[in-house]
Structure formats: structure tokens, C-alpha cells
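My entries follow in the order I made them.

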Amino acid sequence: ILWRLYRYSARLLKTELFRTAASNTSFPEVWLLLVQYFERAPGFFWVVRRNSFFTMPEILENKADLELYSPHPEVRGMTTLDRAAFKRTIVVPVLKVKKEVINKLLKSLKHTTLQRPGLKRVIDDPKDEDSRLVLLDPHKISAEYSLGEAEQEILKQFNIDPQVSKYNLELTYDNFKTEEILRAVLPEGQDVTSGFSRIGHIAHLNLRDHQLPYKHLIGQVIIDKNPGITSAVNKINIIDNTYRNFQMEVLVGEANMITKTRENYITYEFDFSKVYWNSRLSTEHGRIIELLKPGDVLFDVFAGVGPFAIPAAKKKCSVFANDLNPESYKWLLHNCKLNKVDKKIKPFNMDGRDFLLGPVKEELTKELSLLTEERKNTLHIVMNLPALAIEFLDVFKHFLDGKPCSTDLPTVHCYSFSKHDNPAKDVQERAEAFLGTSLEGRCSTHLVRNVAPNKEMMCISFQIPAEVLFKKQIKVR
């Protein structure tokens, strides 16, 4: 159990170390304390000896990776990609094996062989055509180039000489990982963020200022290392316009921004340069859809190209979907037909406030006029425009005529950004201000994602209180 905890902690720290570009990254103090503790733990060294082939903690392997698997130092500062410049020769251990037992042996030694992108684990033996050389991971071989006891037992079963030799292996651009290439190119100590959002054939990057001189190289590396991606773009302004799209620069590859992507088993097509799409919201889209059941009514005020509306319609809900952007509306119609739900969705191309005061008000009036026993569905209003949606909540003040009821009122799911120390409290207080009533004990807040340092995207869900939704009844004497 102690050993598993030790290894698990190493994997966690390995992930964090892998995300940083600083070549002089020091181990966190908590890691050093953990190592010291395990070294004092009874039986620790016995466990290590028994598992001698895997004694090196994974975080140390990663630190060694930075040294062993670094491209040629001359690539530092490169802004135009020269793949040939990344060649480098390293020394790795190899095992000579008769070719007829190669396949069986590889299954037994799969954790021991060298794993690198585009690299064959087995190569010809130039001195013996009946044998092959198996490339081994130098981090899992002792300094004396000898295998552990467990591995030697495996070799005995195949009657293979356990002697390990040295081999000069040439690594090329194809054998390096994205992070290794960018870490070698960018100035030492600077952040190497190789993450991106994939939308069909498009890689969407948000490069930082210090990465901009290398933007074309970064884009090309992303395309090279990710099959199916043929275009890399960088966002060059924030989303602050009416239609929620943003300016982008094509860094490398084709300029065609009409793409196809899948989310939660549904296909969407759109022009990425003219509509809003965020792949990081896939989980949130799925979360809201899970709240719905067949027969429910969904009003999607800022529908975009349909990531809430279409799966809701697939779930046999009645859907009213609206978006102000003509391009989003066009692709919403297209995606409804593409997914065969065009008969189940009523689309609108209106301002969100007009949509609420028109089609939504009309449908709610009809639904809420039904007796409770007649209406078994629930009503949901999704407002996914985090920069402004919360300001639309004042629409619901005295929204409907008629006699107030207290059951089965519509549930609102409103999204908002917050930079507050307590984002849940901040969003609730702002929602209350626009509704003109307290939501204490009547709402829930959900953290959707971290947008930027000290900026969270939140979702507040609540049933619209009856005293807000209905106009006050004036008694006539």
C-alpha cells in the first residue's frame, strides 16, 4: 500500500512537472518530505529491491527525460521550423534476441522497451541477420546496464542471453514530443503551453505574449504532431462583440474555417470564424441535458449552433432555440437538419430580450395555464451568455399575468463570469439584484470552469419565485 501511494504521488507530481518548461525546476518540498518518510518506512528498501526494475520514481524519470530526450541545443531561438536541425544521437541499451521469439518477448517486456514517437522498438542487427536488437528504456536499466531479477527470469524462459549492450540511436524531429520540441526552442525558463482546443480539423490556440515570436513554428508543430489537424489558429482579441465571435489569425495550414466536430455523440458543422464554439463546455452541455426528461420544454435564449438545443431535442424535449447572430442561426438550422431534429426545434433569430418577451412569454403563459395534473413536464430556460446573461434576469419581474402558482415554475440556468473571491456568493447576489428578491435557499451554483487566473465561469440555477414571475393582483373594492 505504501509503495502504491509513493508511486501515485510520483505520477501526480510528474504531471505537474511535465507542464512546466523551466529546465531547472526543483522538486517541491512536499515531494522531498514524502521521499524521506518512505525511506524511513519499515520494509521500504526490501520492496524497492524486489521491484528493482522500477525503483526510479517517475518524477525522476521525467527529469532525466529533460536531459536525455532534448533536441540538439542549436534549435534554441528557432522561429522558422527546420526539422533537420533536431537530430541528435543518444546512447541506449539494447538486447540481442533471436527473431523467432521477438513477438512473445515484447509482450513480457512491454514496460521495459523504449517508447518514443515514431520509433520502432525492434531494429535489425547489422552483425547477425537471424537476430534483432530490442531497444530498452535507459531509465529502467541500472547504471551497470543490467536487467533486474524479474526481467532476467523472463529471459531465461526464452533462453536469451541477459547481457545488455550499448547502441548509438539517432533521434529525429519525428521522435520528439510536442512539449520537448517547444521546450528546446523557446527561451529557457519561459512557459511552454502546448495545449489547444480541437474543433474538427482546426487547432485553436491562445498564445501568450512571449510565445508570439514563435507562433508559426508552434502552429506547425501542433499540425505535425496531431493527425487530422490541418489548420492552427490563434485568437487575437477577446470575445466582446454582439455576436460572440472573435478575430483569429491562421498561423499555418489551410484557411478554411468551416469545420465539423462531434460532442456527446452529436455532430455539428459551422464556420468557426463567425460563430461561438467552445469545446471545453462539453461537460456542461451534458450536465444540463441530464436534468431534462422526455416531454420537458427547453428555452435556449443564446443557442449558438445548438449544443444545448439539439441534444435536448434528441431527448424528445420541446425546444425553442434563439440566437441573435445570423451566422449562428444559419448553422443552427443546418445542424438541426443534420441531426434530424428540425421538426422538433422552433428556431428564432432575435435579440435575447425580445425572445424572452415574445415566444418564451407566450409559451410559458400557455404551459402554466394547464392544471398540474394535465402538465407533467418541467420548464427550463438556459441563458448561456456569461458576460451579460445575468443582466437579462430583470425581464422576469412581473413577467406573467394571471393567478400566481407556486409549483412547477420554470427553472433558469444562467451563466456568468466572476472574479470575486467567493464567486458563488457574487453570482447569487448579482442575480438577486436583477430579480429584486432573495434566492437564499432557493438556488444552486455550479462551477463550470476556470476561464483565466482569478476568473471563473459559474452557473446559477433556480426556479423563478412566484412573487417575481407574476404581476401583483390588484383587489377591486
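**Entry 1: T89 and its sheet**

I looked up T89 and found it in strand β1; helices (H or I, at least four residues) and strands (E, at least two) are DSSP runs, numbered from the N terminus. T89 counts as partly exposed because its relative accessibility is 49%; buried means under 20% relative accessible area, exposed over 50%, and partly exposed in between (1.4 Å probe, protein chains only).

The model is predicted, so I kept its limits in view: local features need pLDDT of at least 70 and side-chain atom pairs count only at pLDDT 80 or more, while totals for chains, interfaces and linings use all residues. Residues are numbered from 1 along each chain as its sequence is written, and side-chain values use heavy atoms, with hydrogens and water left out.

Next I checked the pairing of β1. Strand β1 (residues 88-98) is joined by five bridges to strand β3 (residues 131-135), and the two run antiparallel; two strands pair if DSSP finds at least two bridges between them. Within this pair, K96 stands opposite L133.

I wrote down the order of the open sheet as β2-β3-β1-β4, four strands with antiparallel pairing. At its edges are β2 (122-124) and β4 (164-171), each of which pairs on one side only. On average, neighbouring strands here are turned by 45 degrees against each other, direction ignored; axes are lines fitted to C-alpha atoms, for helices over the stretch in contact, and angles run from 0 to 180 degrees between N-to-C directions.

**Entry 2: S70 and the helix pair**

I found S70 in the loop between α4 (58-68) and β1. S70 is partly exposed, since its relative accessible area is 22%. Its C-alpha atom is separated by 8.4 Å from that of R183, 113 residues apart along the chain.

How do the axes of α7 and α8 cross? Helix α7 (residues 178-185) and helix α8 (residues 215-225) have axes that come within 10 Å and cross at roughly 160 degrees. The two are therefore roughly antiparallel to each other; angles under 35 degrees count as roughly parallel, over 145 as roughly antiparallel, 65 to 115 as roughly perpendicular and the rest as oblique.

I counted six bridges between strand β9 (residues 258-263) and β10, which run antiparallel. K260 stands opposite E269 in β10. Strand β10 (residues 266-271) is mostly covered, with six of its six residues buried. Both faces are covered: I266, Y268 and F270 lie on one side, and T267, E269 and D271 on the other.

I then checked the turn. Two residues sit between the strands of this hairpin, and N264 takes a positive phi near 50 degrees. Y265, in the loop between β9 and β10, has a positive phi near 70 degrees. Y265 counts as exposed because its relative accessibility is 76%. I noted these values because most residues other than glycine have a negative phi.

I logged one further case, H398, with a positive phi near 55 degrees. H398 is in the loop between β14 and β15 and is partly exposed, at a relative accessible area of 38%.

**Entry 3: the seven-stranded sheet**

I read the order of this open sheet as β13-β12-β11-β14-β15-β17-β16, seven strands with mixed pairing. β13 (345-348) and β16 (443-452) stand at the edges with a single partner strand each, so one side of each has no neighbour in the sheet. Neighbouring strands are turned by 15 degrees against each other on average, direction ignored. Eight bridges join β16 to strand β17 (residues 455-463), and these run antiparallel. In that pair, T445 stands opposite I460.

**Entry 4: the annotated positions**

Which positions does UniProt give as "binding site"? The unreviewed entry lists H285, D323, L324, D351, G352 and N384; positions are in the numbering used here, feature names are shortened, and annotations may be inferred rather than shown by experiment.

I looked up two of these. D323 is in the loop between β12 (318-322) and α11 (326-338), and D323 is buried, with a relative accessible area of 8%. A polar atom of the D323 side chain lies 2.8 Å from the backbone nitrogen of G304. N384 is in the loop between β14 (379-383) and β15 (411-418); N384 is buried, at a relative accessible area of 7%.

Conventions
Polar contact = N/O pair within 3.5 Å; in protein donor to acceptor, adjacent residues only side chain to side chain.
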